[in-house]
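Below are my notes on the model you sent, as numbered points. Please read them with the structure open.

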Amino acid sequence: MDFTTLTIKVLKMLSVVGGYGIGIILLTIIVRAAMWPLGVSQQRSMRTMQLLQPKMKAIQERYKNNPQVMQQKMMEFYKEHKFNPMAGCFPLLIQMPIFILLYSTLMSPQFISMAGDSQFLFIKRLDATMKSTAGVSNDGVFGVANNDTFLTGKTATVYFDGENEPRLNIKIKKPNKAVEIQGEFKPNENADFKLNLDDAFNYKFDDLVKINKVILSVTNVRTKETESMTFTKQDGILRTSFPTTVVKEQPLNWDVFALLVLFMLTMVMSQKAMMAMNKNANQDPMQAQMQKSMNIFMPLMLGFTFFIIPIPAGVLLYLVASNCFQVVQTVVINKQLELEDAKKENQVSDIDLAGAKQIKEK
């Protein structure tokens with residue numbers, strides 16, 4: 001079982017509560033809750049860095065003409081204070097594979113055919129991108145345009161000569177190369193699809209020539225529309241003729257655009273919560289201004305990137321839920337760290353009072 005299939009099974013299990021939108025949010029909560037200890041480590045590292053910033057700057061200023069010595073002194077400084085400057089990057093590094101996995105899952109033919117048309121609140125389709133098409137999956141007609149490319153699902157039902165029953169769930173070797181269109185095709189006319197057996201299955205040649213029928217799903221890479229096709233042997237080639245229609249690209253999916261705006265707003269909230277955590281720390285004014293500018297620039301830059309790159313609505317929903325979780329996590333952990341600091345200060349005060357009392361008694 002591959003990770004995409006496993007992720008779909010997890011989403012399917014979580015979606016029992018209230019659909020795939022709720023499933024994505026629950027998956028976000030589970031992932032972020034599992035990484036809570038790393039979040040504590042990240043914020044503690046950031047807090048420590050802010051407190052040590054003046055001393056670090058003093059070392060950099062003192063040895064600015066000798067980079068080698070400066071690097072050595074900084075390493076000694078980190079070791080002395082038991083501080084790892086890379087500790088804050090670990091949660092982000094762990095989240096990236098999860099983001100990529102969820103992205104590939106929601107863009108996969110398996111998810112599109114199973115739950116791509118799922119709705120959630122104002123979101124019409126979880127697999128919809130900013131600019132998508134009006135093609136409808138599994139309606140018996142393929143919405144196409146010139147130069148479209150196609151890929152298959154990951155498994156197929158295969159019929160062999162001399163066998164009464166088909167072989168089910170046979171894995172496709174190369175989904176992006178298994179099917180191709182023969183000759184020219186025009187929208188509103190039947191398109192002739194050919195199945196390339198060498199790219200489709202891992203069978204030996206003697207077995208490949210015995211295949212007489214294959215049933216599998218085929219997805220238009222551009223529109224993400226999926227249709228079930230039956231390929232039969234004709235003149236030694238497995239092919240099918242499938243009806244097509246012209247499908248127009250919508251200028252903009254406003255529900256996905258609204259979700260993108262919500263993502264940028266929640267990202268700003270998340271970064272403001274992180275800045276509030278460091279408001280009492282000694283921070284260089286220039287660095288503080290730079291940080292403030294980055295907190296505005298980063299959401300805008302990511303928003304523009306996601307506007308151009310076809311990010312599915314389900315992935316944006318995951319990012320919005322993740323940002324909201326981050327805000328709550330930052331506030332809660334910050335309170336926890338403040339209590340720890342207050343406890344340490346009280347312990348230091350008690351030690352100082354005890355020392356002063358001993359001196360007085362002497």
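1. Thr-28 has a relative accessible area of 1%, so it counts as buried. This is a predicted model, and the remarks here should be read as such. Thr-28 lies in helix α2. Which residues does Thr-28 touch, leaving aside its neighbours within four places in sequence? The contacts are Tyr-318, Ala-321 and Ser-322.

2. The length of α2 agrees with expectation, because 15 residues at 1.5 Å a residue should span 21 Å and the end C-alpha atoms are 21 Å apart. The same check works for α1: its 12 residues should span 16 Å, and its end C-alpha atoms are 16 Å apart.

3. In α1, the buried residues are Thr-4, Thr-7, Ile-8, Leu-11 and Leu-14. Their arc around the axis is only 125 degrees, which puts them on the same side of α1.

4. How do the two helices pack, and at what angle? Helix α1 (residues 3-14) and helix α2 (residues 20-34) pack at about 110 degrees, and their axes are 8 Å apart. That angle makes α1 roughly perpendicular to α2, because angles of 65 to 115 degrees count as roughly perpendicular.

5. On the α1 side, the contact is made by Val-10, Leu-11, Lys-12 and Leu-14; on the α2 side, by Tyr-20, Gly-23, Ile-24, Leu-26, Leu-27 and Ile-30. By class, the contact has 8 nonpolar, 1 polar and 1 charged residues.

6. Phe-193 is in strand β6 (residues 191-195). Its relative accessible area is 1%, so Phe-193 is buried. Leaving aside neighbours within four places in sequence, its contacts include the phenylalanines Phe-142, Phe-150, Phe-231 and Phe-242. Glu-180, Ile-181, Met-229, Leu-238, Arg-239 and Thr-240 are also in contact with Phe-193. Val-179, 14 residues away from Phe-193 in sequence, is 6.6 Å from it in space, C-alpha to C-alpha.

7. Is Asn-253 buried or exposed? Asn-253 is buried, because its relative accessibility is 9% and the cut-off for buried is under 20%. Asn-253 is placed in the loop between β10 (244-246) and α9 (254-277). Its C-alpha is 5.3 Å from that of Met-130, although the two residues are 123 apart in sequence.

8. Asn-169, in strand β4 (residues 167-171), has a phi near 55 degrees, a positive value in a residue other than glycine. At 62% relative accessibility, Asn-169 counts as exposed.

9. The other is Asp-235, in the loop between β8 (226-234) and β9 (237-242). Asp-235 is not a glycine, yet its phi is positive, at about 55 degrees. With a relative accessible area of 77%, Asp-235 is exposed.

Methods
Residues numbered from 1 in each chain as written. Predicted model: local features only at pLDDT ≥ 70, side-chain atom pairs only at ≥ 80, totals over all residues. Heavy atoms only, no water. Axes fitted to C-alpha atoms, helices over the stretch in contact; angles between N-to-C directions. Helix = DSSP H or I, 4+ residues; strand = E, 2+ residues; numbered from the N terminus. Parallel < 35°, antiparallel > 145°, perpendicular 65-115°, else oblique. Contact = heavy atoms within 4.5 Å. Nonpolar A, V, L, I, M, F, W, Y, C, P; charged D, E, K, R; others polar. Expected span 1.5 Å × (residues − 1). Buried < 20%, exposed > 50% of the residue type's maximum accessible area, 1.4 Å probe, protein only. Arc of directions from axis to C-beta.
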